[in-house]
Amino acid sequence: MMDIGLFIQILVWGLYAGCIYILLAIGLNLIFGVMKVVNFAHGELLMLGAYTAFWIYTYSHINPYLVVPLAMLLIALLGVVIERLGFRPIMGTGKLNEIFLSLGLIYLFQNLVAFLWSTNTRSIHSPYSDVSVPLGSVKLPLDYLVIIAITSVFLIAFQLFMKRTTLGRAMRATSQNREAAALMGINVERMDMLSFALGSALAAAAGGLWLISGQLVDPYMGAISAIKAFAIIIIGGFGSIPGAIIAGLTLGIAENVVPLLMQSFANLLGFSMSFTAWKDTIAFFVLIIVLVLRPTGIFGEKGE
Amino acid sequence: MRFDRMSMRTWLGIGSLILAFLIPLILGINTYLLTVLIIMLVFIIYSSAWNLLVLSGQASLGHAAFFGIGGYVSAILARSLGLPPLATLLVGGLFAAVIGVLIGLTCIRMRAWFLAMVTFGFAVIIRTITAELSWLTGGWDGIPAKRLIPVTIPNYIVYEYYMMLLIAVAVIVVIYLIVKSKMGLALEAIRENELEAKVMGINVTKYKLMAFAISAFFAGIAGALEIHHFGYITPEVYGMDISFWPIIYCISGGLFTMEGPILGTVIITFLDAGLKSLGFTYERLILIGLILILEVIFLPRGFVSLPKRIKSTVSSRHIPR
């Protein structure tokens with residue numbers, strides 16, 4: 001039987017990992033919704049956000065949680081540049097071009113970072129990393145709980161922004177029907193820019209929080225997380241924030257629980273095997289199963 | 001003086017082929033240069049294979065899966081059965097084709113983005129499977145592979161070069177025949193408009209799967225050739241780089257054309273090798289990323305469209321505005 005304390009610990013770990021994925025997925029979802037563009041280089045924005053946070057923290061030593069908004073601002077500006085110089089010129093020239101452009105961006109950013117700051121892994125030591133919150137028999141790291149709380153705040157703020165403000169409404173209108181929105185006097189190109197800025201900022205937040213929790217940062221960390229974010233959108237449904245939250249948490253928890261369950265199962269059958277290597281493939285298995293059952297994705301016809 | 005476009009293309013092709021055959025004679029036995037050229041030939045095969053799949057509108061981001069499977073199957077067979085690599089690489093290619101059909105079955109109904117993601121995912125999954133089957137594949141340490149030409153033969157690199165050249169030419173001729181056949185037309189029709197293609201009586205599923213199988217077959221052969229050249233194989237062969245290189249080569253050369261992947265591979269390989277020998281590491285990859293971005297925006301038909309583009313800009317100057 002599995003130890004219940006261990007189980008809670010894994011659950012919190014999964015929640016925390018899920019939060020990072022959700023922040024990434026919601027940004028990707030927003031950009032996709034407004035521009036109908038999939039930015040495969042979205043994970044690179046997470047990577048750049050983490051590096052920005054790392055350097056600001058290393059040189060200033062201010063509270064790491066204050067570094068995150070700064071990184072978000074800088075990466076949002078970068079997002080605007082990417083949208084203006086990269087995606088806007090090729091809009092409407094075909095889906096393949098968007099994929100290829102993202103590939104170019106991935107190459108550019110990964111190697112630029114490797115060139116500037118080497119491929120060594122980086123990490124910071126958060127001032128709260130030794131603090132943990134006791135919950136029954138288990139101790140939960142404070143940073144994880146703070147990250148979960150911060151993500152919740154971001155999500156609520158984002159939801160309120162999209163539902164209650166004029167800008168948020170304009171963005172939703174653009175994602176529903178671009179032409180009609182333009183006819184109603186919405187500057188759709190500004191909405192494109194804004195969605196890219198917001199999406200990039202959320203990716204940077206994910207990167208910054210990832211760094212604070214003591215995880216390693218390297219130039220190639222973005223690719224796999226971007227695809228996990230993509231899987232979350234497909235599972236949770238296009239444009240759905242609650243869907244993304246549920247899918248993100250499920251994926252975060254499944255990634256941590258499934259290998260353990262499989263290991264217990266193998267032990268039961270008399271094998272001793274480790275399934276930790278399969279952690280990163282779970283998102284793909286889910287992605288493949290969902291897409292085989294629904295080849296157009298849960299995006300449906302809206303996607304084209 | 002005016003050249004007929006077709007005959008000029010043919011002459012250019014024959015000219016570069018003669019040049020390729022003469023290189024070891026002109027430049028002597030330069031092991032470094034020949035190694036670069038051998039890898040270039042491998043990637044010409046690989047890019048042409050990728051290009052065949054994208055001809056049907058299916059852009060795979062995980063072709064390293066087929067490249068690696070071809071390599072592993074061929075390496076393991078050559079080692080355990082003692083067969084010559086030239087025989088086992090065909091088996092490797094066939095095995096990759098079978099996996100290609102299986103992956104294709106899950107992919108053919110998907111839209112461009114989903115297909116890109118899912119193929120990428122398959123590469124990661126197959127890499128994990130390979131690394132976990134360590135009794136067969138040596139895990140992350142990899143296994144040694146038989147050399148295509150034994151190193152003990154004097155000037156083996158020259159033999160290897162000519163063998164690669166012959167195989168590459170043969171593969172390109174086969175792919176050319178496929179593209180010029182009814183199948184090539186069907187693939188292009190599917191890419192332009194799948195629904196219309198279906199209405200015209202084209203069996204979309206069949207042709208898309210065939211494109212997957214043939215593309216995977218040649219990618220597997222390319223993978224087997226590469227590892228029999230290097231003499232070892234590790235799961236790194238499934239890396240993102242290996243998936244992305246053919247895309248970069250094809251786009252920079254020119255998508256959907258026969259000469260695009262070849263030209264792109266030659267230009268980018270020389271650029272890459274040149275910058276590498278000057279001591280640049282990441283700078284060259286940054287440059288290649290920039291080239292990719294700029295080409296997608298400003299030259300979406302690749303380098304092969306450059307002469308036509310220049311001609312049209314020059315001639316448009318004579319048109320009074």
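1. Helix α5 of chain A runs over residues 142–164 in this predicted model. Its 23 residues should span 33 Å at 1.5 Å a residue, and because the end C-alpha atoms lie 32 Å apart, the length agrees with that expectation.

2. Which residues of α5(A) are buried? They are D143(A), Y144(A), I147(A), T151(A), F154(A), L155(A) and M162(A). In an α-helix there are 3.6 residues a turn, so residues three or four places apart point the same way.

3. Strand β2 of chain A covers residues 138–141 and pairs with strand β1, residues 132–135 of chain A. The pairing is antiparallel and has four bridges. Within the pair, S132(A) stands opposite P141(A) of β2(A).

4. β1(A) and β2(A) make a hairpin, with two residues between the strands. One residue of the turn, G136(A), has a positive phi of about 65°.

5. Turning to the interface, 36 residues of chain A are in contact with 34 residues of chain B. On the chain A side, α3 (64–90), α4 (95–117), α9 (222–236) and α11 (282–293) each supply at least two residues. The largest share, 15 residues, comes from α4(A).

6. What is the make-up, by class, of the side of chain A that touches chain B? That side has 25 nonpolar residues, nine polar and two charged.

Definitions and conventions. Residues are numbered from 1 along each chain as its sequence is written. Chains are lettered from A and ligands numbered from 1 in the order in which they are written. This is a predicted model: local features need pLDDT of at least 70, side-chain atom pairs count only at pLDDT 80 or more; totals for chains, interfaces and linings use all residues. Two residues are in contact if their C-beta atoms, placed from the backbone, lie within 7 Å. Ala, Val, Leu, Ile, Met, Phe, Trp, Tyr, Cys and Pro count as nonpolar, Asp, Glu, Lys and Arg as charged, and the others, Gly among them, as polar. Two strands pair if DSSP finds at least two bridges between them. The expected span of a helix is 1.5 Å times one less than its number of residues. A residue is buried if 20 or more other C-beta atoms lie within 10 Å of its own, exposed if 12 or fewer, and partly exposed in between; C-beta atoms are placed from the backbone.
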